[in-house]
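Hi everyone, thanks for coming. Let me put the structure up, and then we can walk through it together.

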Amino acid sequence: LVTVKELYRKTDSYLDKEVSIGGWVRSIRDSKAFGFIVVNDGSFFEPIQVVYHDTMENFKEISRLNVGAAIVVKGTLVATPQAKQPFEIQAEEITVEGASAPDYPLQKKRHTLEFLRTMTHLRPRTNTFQAVFRVRSLAAYAIHQFFQERGFVYVHTPLITGSDCEGAGEMFQVTTMDLQNPPKLEDGSIDYSKDFFNKHTSLTVSGQLNAETFAQSFRDVYTFGPTFRAENSNTTRHAAEFWMIEPEIAFADLEDDMDLAEAMLKYVIRYVMENAPEEMKFFNSFIDKGLLDRLTNVVESEFARVTYTEAIEILEKNNDNFEYKVSWGCDLQTEHERYLTEEIYKKPVFVTDYPKEIKAFYMKQNDDGKTVAAMDCLVPGIGEIIGGSQREDDYGKLRSRMEELGMDLDEYGFYLDLRKYGSTRHAGYGLGFERCIMYLTGMSNIRDVLPFPRTVNNCEL
Ligand code: 4AD
Ligand code: MG
């Protein structure tokens, strides 16, 4: 079987020749002596039209096919300069690989994204989700290519862990114990020393702490894998299981970190626009008008950079219009992030140097004693897509911050050790892969860029 992509990309070498394709029926209409089937074979965004005639011995069987059926078509590829598609197949033989029942739920009309969310197993057969998931696949490849070209080492960090990198306590527990009836300590608390790992473990919220150990050996490394957060926020930007890209670079500071993040985002945008032109045109027409112009602009201009303190001054002037009023020390909500990036800068913006109280323990403390060398990258339409920082590399400062926060120093002994044995300046960030895909496609709900979304109250398939 040849792919439809190949027919589109190398049309000249196939025209007027015999070809065979396999795919799924998108629509079918027949008259007495002939019929048309639109087939999508999954290799390419555009479908292909098949024309068949009553000279075929199974003409009746074919005419009765329902949408969704899987067929193999053998025939001649002929040019159709007047038609919507540049060519079609004049079928000589059509074999039914798998018929489709008449109650196939996806019809030619456009279904809402909400409806399609109830059809996780069939929505990949629609235009929108074919486009989303091909872009997702290409973006993942582009990210690996970006880092590999620059000599970064890809490190696989564990999914099961004893630490809470972000310290937010939003972890899914991993246990083999019967939690109805767990072994207890004398004070009544659960005795995790009886558990599988001989301690309390969870699914990771971030691979960063592990990645840092590799950065102190390989210099430039990255992770790219699933992360888990039991955040009880039912929003369009939060999932319980999402993928994160986390580079970690040694002999580098916050500026280097932002330069890397900006170069990476531009690389991915450029790669996807070049390698998925049909899909991107589709998003631009049907999902988010103006998307392509905006992305082109992002690639061609510099991201804005502003400190948290400056950002608060800007935001305070607009406090009347915010649901949550801002003042120095507060965490930025999505409405504030979007105001900054959509109304003030109209492009991606890095906000840096946040108050230490609202950021994680590992961030490098600035000389002012109040802020840390953090950076968040905010983009129009979404808000935060990247969170990162320079890391505290001073043993004493890190240790006292951890003690201040009441952290278990035994559990994080390895992390402190790194500051004892050849500690370097270093920095890193985490890009939320789904938010990146939302940004690339204009899709507005994280559930629609995850192949099998896991969100509060939802773990289908
Ligand atoms: O800002 P966060 O929490 O940073 C970290 O986890 C750091 N350890 C990263 C690092 O420095 N290596 O998360 C990073 C990004 C966010 O900016 C956001 O894009 C995404 O991960 N993210 C989520 N995406 C989907 N659903 C959720 N529940 C998310 N939580 C964070
Ligand atoms: Mg963050």
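So, to begin: how far is a polar side-chain atom of Ser206 from a nitrogen atom of ligand 1? That separation is 3.0 Å. Gln208 also brings a polar side-chain atom to a nitrogen atom of ligand 1, at 2.7 Å, and a polar backbone atom of Ile385 lies 2.8 Å from an oxygen atom of the ligand. On its own, ligand 1 would expose 630 Å², and the protein buries 94% of that (areas by the Shrake-Rupley method with a 1.4 Å probe).

A word on the model: it is predicted, with local features needing pLDDT of at least 70 and side-chain atom pairs counting only at pLDDT 80 or more, while totals for chains, interfaces and linings use all residues. Residues are numbered from 1 along each chain as its sequence is written, chains are lettered from A and ligands numbered from 1 in the order written, and side-chain values use heavy atoms, without hydrogens or water.

Now, what surrounds ligand 1? There are 25 residues around the ligand, Glu166 and Glu231 being among the closest (a heavy atom within 4 Å). By class, 9 are nonpolar, 8 polar and 8 charged; here Ala, Val, Leu, Ile, Met, Phe, Trp, Tyr, Cys and Pro count as nonpolar, Asp, Glu, Lys and Arg as charged, and the others, Gly among them, as polar. Strand E15 gives the most to this shell, with 5 residues (strands are DSSP runs of at least two residues, helices of at least four, numbered from the N terminus).

Finally, please look at Glu434, in helix H13. The side chain of Glu434 reaches the backbone nitrogen of Trp243 at 3.0 Å.

Definitions and conventions. A polar contact is a pair of N or O atoms within 3.5 Å; within protein, one must be able to donate a hydrogen and the other to accept it, and residues adjacent in sequence count only if both atoms are side-chain atoms.
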